[in-house]
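Hi,

Here's the structure I promised to pass along.

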Amino acid sequence: NLHGGFFALPACLGVLAAGDAVQTWRGRNPVPPHWPRLAGLFALTAAASLANPYGLGLHRHVWNYLRSDWIRTAVDEFQSPRFRSENLLHYELLLIVGVALTGWLAARGRIGDALLVLVWAHLSLSSVRHVPLFAIAAAPIVAGEMSGAWERWAGRRRAGEVGRILWQLGEDLRPVFARLSGWAAVAVAMLILLTPDSKWPGDFPETKFPISLIRSRASNLNEARIFTTDQWGDYLIYRRWPRQKVFIDGRSDFYGESLGREYLRLAEGRPGWQDLFQKYDFQAVLIPPAWPLAEL
């Protein structure tokens, strides 16, 4: 979900520049203020995004894609998060703590940080695709504030035996973490290098993709005009291109609304699906058994 995230950096810089400008206007900013440098970085990164084969065409494409009502309705990644998995429970906790801290941040003159958390919190609630970007923006701010709160809490309790131990623990661990932080990359590199090839995944997960079926039915699928899910279409392209071509895959922004609606009509077995089946001359179907089309 981060492959389109290069637009997130100019957005973050713009938000931070706006927050710092407000702090300067209120007379609560250090001298010199940071917003001119942040605004300059915003302008440079925004200009750098023009260094692509399509120029402004890429920006128009992204703008039209993100404001498409059909995309927001039909594509799961652009719908609001469903808090039914462990990962999203972690996000929920970070969201609650982050939003709760924004008032504290603003009161201390850190309006830019408060705006950064609020903007990405809003975007993450409107689209699950923005959840990783919210976590990247908010987690360091939340961690810094929690560390500061711990130090203040432990500092007030240094008089007691337990408080003294807690304070000393933090003081002892600080240089240890600083000294060992560089070795973390070495440890990860050694772990990767020493892991035998047989232990690494050899394909996509069987829980999400019909790997065994695609292998066993390769002779049926290789030359067939196949109707399958957009996600499984991604896998078929990855595994069998250029021999295998698909009707549709996950790049919904390039296929457009018209073809996307035909895909949904087929998948859901709506009236007229037979006509579409004949129109595109499908010779094989590879779909989950729970789809309405499987019953038909």
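First off, where is the place of Glu-223? Glu-223 sits in the loop between α10 (218-221) and β1 (226-228). Keep in mind that this is a predicted model. With a relative accessible area of 63%, Glu-223 counts as exposed, because the cut-off for that is over 50%. Its C-alpha atom is 9.8 Å from that of Ala-284, 61 residues away along the chain.

Now the overall picture. The protein has 296 residues, 33% of them buried, and contains 14 helices and two strands. Of the contacts with a separation of 6 or more, 55% are between residues 24 or more positions apart.

The aromatics are what I'd look at next. Searching the whole structure turns up 17 aromatic pairs. One of them is Phe-227 with Phe-247: the ring centres are 6.0 Å apart and the planes are at 50 degrees, so this pair is tilted. Phe-227 is in strand β1 and Phe-247 in the loop between α11 (230-240) and α12 (252-267), so the pair links distant parts of the chain, 20 residues apart. Both residues, Phe-227 and Phe-247, are buried.

Then there's Tyr-263 with Trp-291, with centres 6.4 Å apart and planes at 70 degrees, so that pair is edge-to-face. Tyr-263 belongs to helix α12 and Trp-291 to the loop between β2 (284-286) and α14 (292-295), so parts 28 residues apart in sequence get tied together. Tyr-263 and Trp-291 are both buried too.

These four belong to one aromatic cluster, which also includes Trp-273, Phe-277, Tyr-280 and Phe-282.

Cheers

How values were computed: Residues are numbered from 1 along each chain as its sequence is written. This is a predicted model: local features need pLDDT of at least 70, side-chain atom pairs count only at pLDDT 80 or more; totals for chains, interfaces and linings use all residues. Side-chain values use heavy atoms; hydrogens and water are left out. Helices (H or I, at least four residues) and strands (E, at least two) are DSSP runs, numbered from the N terminus. Buried means under 20% relative accessible area, exposed over 50%, partly exposed in between (1.4 Å probe, protein chains only). Contact means heavy atoms within 4.5 Å. Rings of Phe, Tyr and Trp (its six-membered ring) pair if their centres lie within 6.5 Å; planes under 30 degrees apart count as stacked, over 60 as edge-to-face and the rest as tilted.
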